[in-house]
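Colleague: Could you take a close look at the aromatic pairs for me? I'd like the details in one go.

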Number of protein chains: 2
Amino acid sequence: MLICRFRTGDREAYGIVDGDTVLEVQGGLFDGLKESGNKYGLSSVKLLPPVVPPTFYAAGINFPEHVTWAAQMRGEEPNLPKKADVGYRAVNALTGHGDPIMVPADATEELQYEGEVVVVIGKECRNVSQDEALDYVLGYTIGNDVSERYWQRNDRTMWRAKNTDTFKPMGPWIATGLNPDELHVTIQVNERVVGEYDLNTAIFGVREYISDMSKYLTLVPGDILWMGTDGATENMKDGDVCDITVTGIGTLSNPVVWGQA
Amino acid sequence: MLICRFRTGDREAYGIVDGDTVLEVQGGLFDGLKESGNKYGLSSVKLLPPVVPPTFYAAGINFPEHVTWAAQMRGEEPNLPKKADVGYRAVNALTGHGDPIMVPADATEELQYEGEVVVVIGKECRNVSQDEALDYVLGYTIGNDVSERYWQRNDRTMWRAKNTDTFKPMGPWIATGLNPDELHVTIQVNERVVGEYDLNTAIFGVREYISDMSKYLTLVPGDILWMGTDGATENMKDGDVCDITVTGIGTLSNPVVWGQA
């Protein structure tokens, strides 16, 4: 099942995507997804980030090749993480499928994509085992962890490098019933493949992150966990379009628009 | 005006604190604060964190003496931040006035308080000047940025060091009409003063943080910004009670309970 959040006119609602149609449901993501009877053409609605999370978690450096590349970029030896220490991103930065990535005028040319699988938590959990962890997942969506590398290297935190408004495109919808071990990610810029990887090559997988995090904190419905990206990444420029495709989910596509005040 | 969020029985509501009485209001924090007519004794209600923020910002190292102390703890030279680079904390960790700080059984003895002023954003803002910044503040509350220093030094991120469930007590309420330049913070453990400072000695003040953040991101009603703490901090042990008092707001008080699974 594909679950979207959308706007039509001045109304926002959740819906089930059925081919080219969106079947609106009553209430929110966790209100039973009962159809309201309203239907819309998929192309006629504006897709929104499929969930606004209570807490926005991000795995950060979680694939061997990306860790090695990032260390080389900093002139350091690669140092693989030994534990699933999770990081954070910010809700202000979320934007939907199709929305422009609005790049501030003072950003450097080092504006890069990171194509990621996003885990959406479906049930409250605390102290769950790795075997149980997937029982608490509602589904998966796609995220682009847009990063300004100069700010990332030079600021004390990643606040503007990764959390400038619109730097976190997410969508197009949440897909349920998937096996995370089978998810393959393909990243394209202007329809040229610039990276691809299998989620199951992550240093720490979905089960391990959820289990380890839940030893210290309570995950609640709607929390999201971005799983990190693999490989080297390249600069994007004004007018580029970045597409991230994940098997079983779909494609998140966003254009880059430079020079916002 | 003092604005609280509270629970009575199985109902949660906002209210105005008037001496020993809570005057319930209709709706949420941004629905006009119109009295519902219900009144409760302040001591008869459970105070909740006065807001659940869309994004939870934290200034981090923002006072000269604390920066120097933290550097010495790490065996490094103090390095004052040159820009108001904001960090993040997590909603899962929030807990209210009077609630226990529940310390995991595997925490080290280095469990410490940090008494902070919390800014609550009242209106959406983007690209505001320092002169305009305070127009977007609803009011101020108090936070205890509880930190497990061993995890803080050794984990890749501060996820469990600062964001374990209950490590972010906040309250008891939001006070409006205050001048941030006049706020004085006093921290006590078991009624012994362990630290005090004036907010106006911060490296970057409320106006500067809001203005600088708003150049890259949109602050929205309910967002919170914890301003950091000053001075050295000490370990707390099982049964200790940490009180943080800010002039014009009140006192946030939380006991420490060790050994949670």
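Modeller: Over all chains, the structure holds 14 aromatic pairs; rings of Phe, Tyr and Trp (its six-membered ring) pair if their centres lie within 6.5 Å, with planes under 30 degrees apart called stacked, over 60 edge-to-face and the rest tilted. This is a predicted model, where local features need pLDDT of at least 70 and side-chain atom pairs count only at pLDDT 80 or more, while totals for chains, interfaces and linings use all residues. Side-chain values use heavy atoms, without hydrogens and water, residues are numbered from 1 along each chain as its sequence is written, and chains are lettered from A in the order in which they are written.

Take Y216(A) and W159(B): their ring centres sit 5.4 Å apart with the planes at 85°, so this pair is edge-to-face. Y216(A) is in the loop between α5 (206–213) and β17 (224–226) of chain A, and W159(B) is in helix α4 (residues 159–163) of chain B, so the pair joins two chains. (Helices are DSSP runs of H or I, at least four residues, and strands are runs of E, at least two, numbered from the N terminus.) Y216(A) is buried, at 7% relative accessible area, and W159(B) is buried too, at 3%; buried means under 20% relative accessible area with a 1.4 Å probe, protein chains only.

Then there's F204(B) with Y209(B), an edge-to-face pair at 6.3 Å centre to centre and 90° between the planes. Both of these residues are buried. Finally, W151(A), W159(A) and Y216(B) come together as one aromatic cluster.

Note on methods:
Buried < 20%, exposed > 50% of the residue type's maximum accessible area, 1.4 Å probe, protein only.
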